[in-house]
Each structure stands twice: as structure tokens, then as C-alpha cells.
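Work through the exercises below with the sequence and the 3D view open. Try each task before you read its solution.

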Amino acid sequence: MEINIDKSSGFCFGVINAIKVAEEQLDQHGSLFCLGDIVHNNKEVERLKTKGLVIIDHQDFRKLKNTRVLIRAHGEPPETYSIARENQIQLIDASCPVVLKLQNKIKKGYEKIRDIEGQVVIFGKEGHAEVNGLTGQTGNNAIVVGSGFENLDKIDFTKPITLFSQTTQSKEQYEELIRHIRERMMQKNCNPDINLQISRSICGQVSNRGPHMAKFAKDHDLVIFVSGKKSSNGRYLFEICRQNNPNSYFISDKNELRIDWFKDARKVGICGATSTPMWLMEEIASEIGTYA
Ligand code: SF4
């Protein structure tokens, strides 16, 4: 049995940077608080916990004083920075530069559209850390529309709209949402060519992987997709694998492998999300190697 690990799978530069920053701090100080899971991958989180990383939530954060806290690649809303200032917390800011740029764009977009009574709409997962950081730029006034087009009816289609996407959403679904919003605006006699501003803000680290993932899935007769269950791009990229090869399985850990999947497989491909560590895919490849 041939086993190949997809070379382009694994951490994106935003996650690589956050982990590098965390490890440097841990080497220097022995422990570090991190606001939320540093990456949507339990195995990697566990590895860093053994080095001294302590994961806290926003409630814990509010109680801290005079300490250091890491902000992960997803970024944070302005409120987090205010709390840190009030409580003398030193923020080790590992927000991804792509996310920071988007936060800034949303802030400016909101300031502009607020004056003409328009709305900021964000295509993303409500409650997701990155989305909280994005909506925070609008004083939480942005309307978040999910992949099932939830909250669409909260939009007033007679008024101007500035539309953004969470960086890790599906490009195809975003285009579908754009089509839908345009139609609804036209039904209300509101010209989308004038009143709809679109920012194509899906990160290239995710969208560029889609076509590659489709080819990788087609080139193998069995695909093992490795990702944490909370990863948005993990769900998106796995869906691409499944569409291109129905013989695709989503796992987070080698214990979820089932030996009968490999009965007739001659060429097995292992791939994953932008939050999947390479060491985990290698561990899974070694395990599969024992089935041959
Ligand atoms: S997916 Fe893109 S935006 Fe998100 S952390 Fe990675 S590089 Fe940054």
C-alpha cells in the first residue's frame, strides 16, 4: 500500500507564527496564558499544554492582572485590548496579519456605512473567535450570516450593505450568498451595483488549497482527512475531498482509524486543514503503515 501525505496540508503561516511566538515565550518564561485554544486541534493544544501553555476563556481573562496573555491567530475584538490595559495585562499579540487587515477594513467600512444608515454583513460562523473579533470592529452591530444563510432576514435589503467574509469560509458559498443578496436587493428596487460593496476576504491559504485538495483526493483511492472538529476550514476542505472522492474519512486522532477502510486501498492520501500539525499526519501515516 502506498501512503502519501499532502505536502501543502498543515499549518498556514498565521498558525505557524502563533505557535512560534508561544514556544518562544514558553522557553523564556516556562508558562503562558492563551486566550482560547491556540489552534483548532486538540492534539497540538495538548502538546503545548505540556510545555506550560494555559488555555483560558474570556471570563478567566477578566479576572487576571499583571500577567502575559497570548492572542492567537484569530485575533480579538477591541474590548479585549481595553481590558488588558485596565488590568495591566501584557498582550503577546499573535493575531494573523491577514485577520488584522480584515479587522481594520471592517472598522473603516462600518464607520463609512453607518453614516448612510447602511449595514455591515459578515459571512461567517456566529460565535467563532475570528468572527467575534470582526464584529467587535462594528460595536457588534454587524449582521453575521452563516453557511445555512441564517440571519439573512435581519438584513434590510432596501439599504446599502458592505459585505465581508470570515477568512476561512467556503469561496463557493460566499459567491452564492452574494448572488442571493443581489437578488433580494433588486426585488426591493435597491440597485446592488451601487449599494452593495463586496470584500473578497477569504484567505488565500484556505481558498488556494481547495483546487489542490480536489486533485489530491482524485489521485488517491482512499483519503484520510485529519482535522480538529472545530476547524471551519477543516470542514470546508474535507467537503472538497468527499465530493472528489467518496472514499474520504474525517478523523482527529489515529484511534479513529478503522482497519476495514484499507481493505482494498492501494494508494492512500493523508491531508488536513490549516490547523493540522504535520507531526500528527506523520503519526497517522505510520499507524496506517502497520496495516499493510
Ligand atoms: S487561514 Fe489565513 S487568515 Fe487564517 S490564520 Fe491562516 S493565514 Fe491567517
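**Exercise 1.** Find which residues lie nearest the centre of the second largest pocket, and how many residues line it.

*Solution.* Start with the lining: it has 14 residues, and G109, K112, I113, T162 and Q197 lie nearest the centre. A pocket is an open set of points on a 1 Å grid over the protein atoms alone, with protein on both sides within 12 Å along at least five of seven lines; lining residues have an atom within 4 Å of a point. Next, the volume: the second largest pocket holds about 250 Å³. A volume is the space filled by probe spheres set on the points, and grid points are joined across faces, edges and corners. Then the elements: α5 (97-114), β8 (161-165), α8 (192-195) and β9 (196-198) each give two or more residues to this lining. Helices (H or I, at least four residues) and strands (E, at least two) are DSSP runs, numbered from the N terminus. The largest share, four residues, comes from α5. Last, the make-up: seven lining residues are nonpolar, five polar and two charged. Here Ala, Val, Leu, Ile, Met, Phe, Trp, Tyr, Cys and Pro count as nonpolar, Asp, Glu, Lys and Arg as charged, and the others, Gly among them, as polar.

A note on the source: this is a predicted model, where local features need pLDDT of at least 70, side-chain atom pairs count only at pLDDT 80 or more, and totals for chains, interfaces and linings use all residues. Residues are numbered from 1 along each chain as its sequence is written, and side-chain values use heavy atoms, with hydrogens and water left out.

**Exercise 2.** Describe the lining of the largest pocket: which residues lie nearest its centre?

*Solution.* Take the volume: about 410 Å³. The lining has 19 residues, with S147, Q169, S170, Q173 and Y236 nearest the centre. Two elements give two or more residues to this lining, α7 (171-187) and α11. The largest share, six residues, comes from α11. Sort the lining by type: three residues are nonpolar, 10 polar and six charged. Now look at domains. Domain 1 (2-9 + 207-289) and domain 3 (98-166 + 169-202) each supply at least three lining residues. The domain bounds come from an automatic or database domain assignment.

**Exercise 3.** Work out how many cavities of 30 Å³ or more there are.

*Solution.* The count is one. A cavity is a set of grid points where a 1.4 Å probe fits but cannot get out. About 300 Å³ of space lies in the largest cavity. Its lining has 25 residues, and C12, V15, H74, T168 and T274 are the closest to its centre. α1 gives the largest share of this lining, three residues. By type, the lining divides into 11 nonpolar, 12 polar and two charged residues.

**Exercise 4.** Is P160 buried or exposed? Say which residues it touches.

*Solution.* P160 sits in the loop between β7 (143-145) and β8. Its relative accessibility is 17%, so P160 counts as buried. Buried means under 20% relative accessible area, exposed over 50%, and partly exposed in between (1.4 Å probe, protein chains only). Leave out residues up to four places away in sequence: P160 then touches I113, I116, G118, Q119 and N195. Contact means heavy atoms within 4.5 Å.

**Exercise 5.** Find which members of the largest nonpolar core touch the most other members.

*Solution.* A nonpolar core is a set of buried Ala, Val, Leu, Ile, Met, Phe, Trp, Tyr and Cys residues joined through side-chain atoms within 4.5 Å. This core has 20 residues, and I19, A22, L32, I38, V39, L53 and L70 touch the most other members. α1 (13-29), β2 (32-35) and α2 (42-50) each give two or more residues. The largest share, six residues, comes from α1. Now take I38: leaving aside neighbours within four places in sequence, its contacts include A18, V45, I55 and R72. A second, separate core has 18 residues, including I161, Y174, M185 and C190.
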